[in-house]
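Biologist: I have not looked at this one before. Can you show it to me and walk me through a few of its contacts?

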Amino acid sequence: MKISFSPPDINEDEINEVADALRSGWITTGPKTKLFEKRIAEYIGTSKAVCLNSGTSAMELTLRILGIGPGDEVITSAYTYTASASVITHVGAEVVLVDTNPGSFEMDYGKLEKAITKRTKAVIPVDIAGVICDYDKILTAINNKKPVFEPRSDIQMLYDRVAVITDAAHAFGAERNGLRCGQIADFTCFSFHAVKNLTTSEGGAVVWRDVNGLDNEHLYNQYMLYSLHGQTKDALAKEQLGAWEYDIILPAFKCNMTDVLAAIGLKQLDRYDAMLTRRHDIIQTFNDTFNQIGLKPLQHRNCDFRSSGHLYMLNVPGYDEKMRNQLIVMMAEAGISCNVHYKPLPLLTAYKNMGFDIKNYRNAYDMYKCEITLPLHTKLADDEVGYIIDNLQRCIS
């Protein structure tokens with residue numbers, strides 16, 4: 001068999017919706033993008049959603065709108081993809097990395113509290129593999145350090161504490177304690193990249209919780225300004241009779257979503273719940289075998305939470321990097337494409353150059369060195385799932 005790691009699940013519904021967008025004459029930000037925003041907000045249970053060209057843009061614009069920049073610190077996990085940290089450098093703030101808890105892919109919340117200083121303006125937790133972090137512990141850490149918080153903008157004064165901006169690139173549709181991802185953190189940023197559960201090929205979105213004193217319409221318009229060169233009108237608004245005139249409020253950025261992309265997302269959303277169910281069925285099938293033979297899969301559900309089932313992350317006890325990498329080669333020789341999520345940031349050149357040393361993030365390294373990510377997607381047939389299981393057992397025996 002030949003099993004891809006994470007191909008997009010696209011059918012004729014998405015293709016027809018894209019064709020409809022192309023025929024309509026609206027291929028940039030227009031009615032389908034606005035409808036997709038509305039549908040996302042309804043699905044999650046928030047007042048507003050903003051669609052952008054990536055989850056990375058969603059995080060960066062959120063930092064900028066909060067007024068975070070040079071002289072500030074933003075904390076994120078050492079165990080994540082670079083986007084969680086690179087956006088901090090983009091706005092000129094200082095990256096602060098926190099190690100994971102022993103035996104966990106989540107950051108150590110005790111170390112999080114210790115890392116908060118008067119310069120800290122935000123923390124970016126990572127809902128890795130679609131598993132929602134423990135935000136009760138995150139908010140406890142933040143509130144314990146509230147006396148040292150020094151706001152530098154009106155919106156920071158409104159929150160009056162370190163802001164929580166979640167990197168939920170993996171977690172669209174996940175739930176914890178009866179709340180959907182997007183209802184918990186202050187701001188939640190999603191990715192709709194080609195390998196994500198719900199894809200628009202490239203794309204992302206940001207949602208936020210209602211807060212007393214926060215004008216949601218004004219905040220939505222801030223995202224529009226920042227994503228469209230600081231222009232006061234988008235193409236759809238300028239299409240109205242006699243409405244050509246606009247102003248530039250600030251020299252901003254260009255990271256809007258298009259109607260062609262939104263068209264894909266609209267049809268993905270129509271069948272998303274069924275896609276999540278299929279992912280969890282595959283996870284359960286994997287777990288039934290791997291738990292019995294002493295492997296350690298990431299837990300995707302219990303009575304308190306259900307993940308989005310984005311990645312099947314598996315630790316192989318006793319393995320080191322060399323053994324894990326050889327396992328990936330053996331699986332590839334059987335036609336099965338596997339991956340690793342992730343190299344901790346201090347192992348990467350860019351972060352080494354910032355002064356980070358993996359020796360200070362031993363828990364993250366210990367999780368990484370024996371981690372392998374198996375294919376998990378809705379195009380997997382039952383016999384392919386069985387083939388993955390059989391070959392992994394063979395390769396580690």
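Modeller: One term before we start: buried means under 20% relative accessible area, exposed means over 50%, and partly exposed is in between. Also, this is a predicted model.

Biologist: Fine. How many salt bridges does a search of the whole structure find?

Modeller: The search finds 23 salt bridges. In general, side chains of opposite charge can pair when their charged atoms come close.

Biologist: What does Arg271 meet in a salt bridge?

Modeller: The partner of Arg271 is Asp9, at 3.4 Å from N to O. Arg271 sits in the loop between α10 and α11 (272–290), while Asp9 is in the segment before α1 (12–24), so the pair links distant parts of the chain, 262 residues apart.

Biologist: Are those two buried or exposed?

Modeller: Arg271 and Asp9 are both buried.

Biologist: And Arg152, which side chain does that one meet?

Modeller: Arg152 forms a salt bridge with Asp72, at 2.9 Å from N to O.

Biologist: Why does Asp72 count as buried?

Modeller: Because its relative accessibility is 2%, and the cut-off for buried is under 20%.

Biologist: What about Lys137 and Asp134, how far apart are their closest N and O atoms?

Modeller: They are 4.0 Å apart, in a salt bridge. Lys137 is partly exposed, at 49% relative accessible area, whereas Asp134 is buried, at 14%.

Biologist: Which residues are linked in a network of salt bridges?

Modeller: Glu17, Asp20, Lys32, Arg39, Lys267 and Asp270 are linked that way.

Biologist: Change of topic. What forms the nonpolar patch on the surface?

Modeller: Trp244, Tyr246 and Ile248 form it, with about 350 Å² of accessible area together. Trp244 lies in the loop between α9 (235–238) and α10 (259–270). Its relative accessible area is 58%, so Trp244 is exposed.

Biologist: Over how many bridges do β10 and β12 pair?

Modeller: β10 and β12 (residues 312–315) pair over 2 bridges. Lys296 stands opposite Asn315 in β12.

Methods:
Residues are numbered from 1 along each chain as its sequence is written. This is a predicted model: local features need pLDDT of at least 70, side-chain atom pairs count only at pLDDT 80 or more; totals for chains, interfaces and linings use all residues. Side-chain values use heavy atoms; hydrogens and water are left out. Patches are made of residues with over 30% relative accessible area and no salt bridge: like charges are joined within 9 Å, nonpolar side chains (Val, Leu, Ile, Met, Phe, Trp, Tyr) within 5 Å. Accessible areas come from the Shrake-Rupley method with a 1.4 Å probe; for residues, only the protein chains shown count as cover. Helices (H or I, at least four residues) and strands (E, at least two) are DSSP runs, numbered from the N terminus. Buried means under 20% relative accessible area, exposed over 50%, partly exposed in between (1.4 Å probe, protein chains only). Two strands pair if DSSP finds at least two bridges between them.
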